[in-house]
Amino acid sequence: MDTQSPESNLSIPLEPGLYIVATPIGNLGDITLRAVDILRRCDRVACEDTRVTGKLLKHLGISRPLHRYDDHAPPRAREQLVGAMRSEAVALVSDAGTPLVSDPGYRLARDAREAGIAVTTLPGPCAAIAGLTLSGLPNDRFLFAGFLPAKEKARADVLVELGSIDATLVFYETGPRLLKSLWAIGELPGDREVAVARELTKLHEECRTGSAAELAEYYEAHPPKGEIVLLVGPPGEAAPTGDPDQLLREALETLKPSQAAAQVAKATGLDRKALYARAMELKAG
Ligand code: SAM
């Protein structure tokens with residue numbers, strides 16, 4: 001392990017290049033020694049919002065030129081920044097957490113690598129990983145999928161696409177959209193354990209687990225504030241499978257075609273409309 005303290009490096013200039021620096025997601029004590037060292041010694045800091053990063057640097061007692069950057073910047077602006085990395089150490093930070101994880105930086109890192117610039121990463125806080133560790137959900141296989149789409153159909157399509165994967169799914173979420181996402185997750189086949197990890201590393205950190213329906217009921221009564229990671233456990237052992245026709249026939253013994261289609265869609269993950277059409281055929285004989 002390299003145990004050099006940040007102070008011991010202060011007089012040594014940094015090698016030119018791009019330094020990808022993770023910063024706290026709430027608790028400022030989570031900044032790493034190495035992040036402080038690089039932020040102190042870099043020539044400039046590229047950041048999403050100069051006010052947010054300015055506050056962090058002020059808290060750390062650091063003053064460096066700040067340069068606003070996001071991946072939507074015109075290619076010319078990125079070229080200039082990559083050009084500067086030939087002679088300068090440029091630190092890239094996002095508003096919080098690990099740059100590039102649902103945050104700007106991918107294009108910059110890609111272009112820097114293509115230009116033969118040295119790229120160094122300084123790992124640190126990341127809400128997805130913090131949520132995963134807190135949730136108690138299986139983490140031997142997990143899939144980070146960023147934010148779910150806001151539109152109902154697109155959200156349902158993504159969930160159908162990911163729903164059969166044998167891994168814990170990790171999403172970033174916002175308070176106003178949480179209930180809709182939980183309802184949509186409740187439609188996935190199999191018994192899923194779900195976790196809502198909120199305000200991680202902050203004063204009101206909480207992590208609630210349960211079924212999607214239980215969590216939806218709770219958050220309907222207690223509208224969630226702050227930042228959220230939503231985690232969905234892998235499909236349970238009890239995920240029902242079987243011949244859809246057989247399942248529909250059984251369901252039609254007690255349910256209307258629309259209800260039978262909904263039940264079998266939930267159990268199998270198959271398309272509800274197609275199942276409804278088939279249920280009508282079976283009922284007609
Ligand atoms: N790059 C960041 C990272 O490494 O975590 C994520 C940036 S993304 C634009 C912001 C989202 O991350 C928030 O909407 C929320 O879903 C999640 N997030 C960030 N900080 C969080 C926190 N303290 N607690 C829970 N979720 C958080």
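Visitor: Into which domains is the protein chain divided?
Guide: The division of this predicted chain comes from an automatic or database domain assignment. Residues 6-125 form domain 1, and residues 128-232 form domain 2. The remaining domain named is domain 3 (244-284).

Visitor: How many residues of domain 2 are in contact with domain 1?
Guide: The C-alpha centres of domain 1 and domain 2 lie 30 Å apart. Contact is counted between heavy atoms within 4.5 Å. On that basis, six residues of domain 1 touch domain 2, and the residues they meet in domain 2 number nine.

Visitor: Which residues of domain 1 lose the most area to domain 2?
Guide: Between domain 1 and domain 2 an area of about 480 Å² is buried, with 61% of it given by carbon and sulfur atoms. On the side of domain 1, three residues together account for 74% of what is buried there. They are Ile25, Val101 and Ser102.

Visitor: How many residue pairs are in polar contact across the interface of domain 1 and domain 2?
Guide: The side of domain 1 that touches domain 2 has two nonpolar, three polar and one charged residues. The count of salt bridges between domain 1 and domain 2 is zero. For polar contact, with both residues at pLDDT 80 or more, the number of residue pairs is one.

Visitor: What share of the ligand's exposed area does the protein bury?
Guide: Around the ligand are 19 residues, of which Thr98, Val101, Asp103, Ala127 and Ile228 come nearest. A backbone N or O atom of Thr98 lies 2.8 Å from a ligand oxygen atom, and a polar backbone atom of Val101 is 2.8 Å from a ligand nitrogen atom. Ala127 likewise has a backbone N or O atom 2.8 Å from an oxygen atom of the ligand. Taken alone, the ligand exposes 560 Å², and the share of this that the protein buries is 90%.

Note on methods
Residues numbered from 1 in each chain as written. Predicted model: local features only at pLDDT ≥ 70, side-chain atom pairs only at ≥ 80, totals over all residues. Heavy atoms only, no water. Buried area = accessible area lost by both parts, 1.4 Å probe. Salt bridge = Lys/Arg side-chain N within 4 Å of Asp/Glu carboxyl O. Polar contact = N/O pair within 3.5 Å; in protein donor to acceptor, adjacent residues only side chain to side chain. Nonpolar A, V, L, I, M, F, W, Y, C, P; charged D, E, K, R; others polar. Near = heavy atom within 4 Å. Areas by Shrake-Rupley, 256 points an atom, 1.4 Å probe, with all protein chains shown as cover.
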